[in-house]
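Here is a short briefing to read beside the sequence and the 3D view. It goes topic by topic.

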Amino acid sequence: RWVEAKSLTEAALGINDINGVYLCTGGRAVERITENDFDWSNYEKNLQRIEDFTEICTEQEINVHIMPVPTGAYVYREFLPDNAIMFDEGKAFSQAADAFGSNMIDIRNSLMAGKHEGDVFFKTDHHWTGRGARLAAAEFIGTAVNKAAAEKVRSCDTEIISSEFKGTLYSKVLLKTLGTDIIETSAYARKADMKVEIEGEEYDSLYFDENLNKKDKYAVYFGGNYGLVKIRATAGEKERKESEKLLIVKDSFANSMVPFLLNDFPEITMVDTRFYRGDISRIAEEYDRVLFVYSVNNLSEEKIVLTGSLS
């Protein structure tokens, strides 16, 4: 109640920077990340670690891609409050492009174009929406498979599974003017038969619908974040053998994107470096393709360890 009262008072006074959150025009909240918050040294170290990992995979003829995820503030920067201070996100993407060249999948233009048809980031949370995740998945499919497959992802049927989502940014300001968000996902993934192994436990779906009745509704995907998750859609044996096996090294942004990849990659393993302590380079030996999916901010915050030789 105190947080809500404080936020209401500050908003009424025209203050648009509350508790690390910018209040944007159109009833949107975005996370405030300044140059002081962004650890450039650690960011560059993580890029180098991924470069070293890529070299190991290339020697084994394993394709590697990196997909940095821009912040909501970058995509919706025209809606930021006047004089809002942010870090130089364009510089961060340029550094990643210099390091990875054609192996980097730059999704910024796709997200900024897609926002004119609907939200690509939640208004109350730092994650992307189902639309944003679908556009990112299509960009990857266009690179890894072909343009026709990518177009199918862009136009695929979706299902709304919640219209009452209030995310982490809402929790920081508790302003009712922010309203609620919609969680939508792949209709195919909702009905597909699959086996999902999470930390040794097996499930028949990647959705944990009981979390739709809880505060953290984003945990409907896989029940949250875990070190190692294996997904196998029970497509025909022939189709599965002919499809590439995909390893995703990720943070939580990948959770909502994976459902849109299952048509083209029926076998996917996700490794979250925040929780996994093994040698990921050894896991990669069993896969045809590796995709790194990280918010650009997490690339500056986390220490990404990928092989036993890196520290």
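Contact here means heavy atoms within 4.5 Å. The model is predicted. With that cut-off, Leu80 touches Tyr22, Cys24, Val30, Ala73 and Met86, leaving out residues up to four places away in sequence.

- Leu80 sits in the loop that links helix 3 (72–75) and helix 4 (89–100).
- Its relative accessibility is 15%, so Leu80 counts as buried; the cut-off for buried is under 20%.
- Gly130 is 50 residues from Leu80 along the chain, and their C-alpha atoms are 22 Å apart.

- Three strands make an open sheet in the order 1-2-3, with antiparallel pairing.
- Strand 1 (17–18) and strand 3 (28–31) are the edge strands; each has a single partner strand, so one side of each has no neighbour in the sheet.
- Strand 2 (residues 21–24) and strand 3 run antiparallel and are joined by four bridges.
- Cys24 lies opposite Arg28 of strand 3.
- Cys24 is also one of the residues that Leu80 touches.

**Helix 6**

- Helix 6 covers residues 130–144, 15 residues in total.
- At 1.5 Å a residue the helix should span 21 Å, and its end C-alpha atoms are 21 Å apart, which agrees.
- Twelve of its 15 residues are buried, so helix 6 is largely enclosed by the rest of the structure.
- Among the buried residues are Gly130, Arg131, Arg134, Leu135, Phe140 and Ile141.

**Nonpolar cores**

- In soluble globular proteins, nonpolar side chains tend to be buried together.
- The largest nonpolar core has 57 residues; those touching the most other members are Trp128, Phe140, Phe222, Ile231, Ile248, Met257 and Ile268.
- Helix 6 supplies the largest share of this core, with eight residues.
- A second, separate core holds 31 residues, including Phe87, Phe93, Phe100 and Val290.

**Thr273**

- Thr273 belongs to the loop between strand 11 (267–272) and helix 12 (280–284).
- Is Thr273 buried or exposed? At 7% relative accessibility, Thr273 counts as buried.
- Neighbours within four places in sequence aside, Thr273 contacts Val249, Lys250, Ile280, Tyr294, Ile304, Val305 and Leu306.

How values were computed:
Residues numbered from 1 in each chain as written. Predicted model: local features only at pLDDT ≥ 70, side-chain atom pairs only at ≥ 80, totals over all residues. Heavy atoms only, no water. Helix = DSSP H or I, 4+ residues; strand = E, 2+ residues; numbered from the N terminus. Expected span 1.5 Å × (residues − 1). Buried < 20%, exposed > 50% of the residue type's maximum accessible area, 1.4 Å probe, protein only. Pairing = 2+ DSSP bridges. Core = buried A, V, L, I, M, F, W, Y, C linked by side-chain atoms within 4.5 Å.
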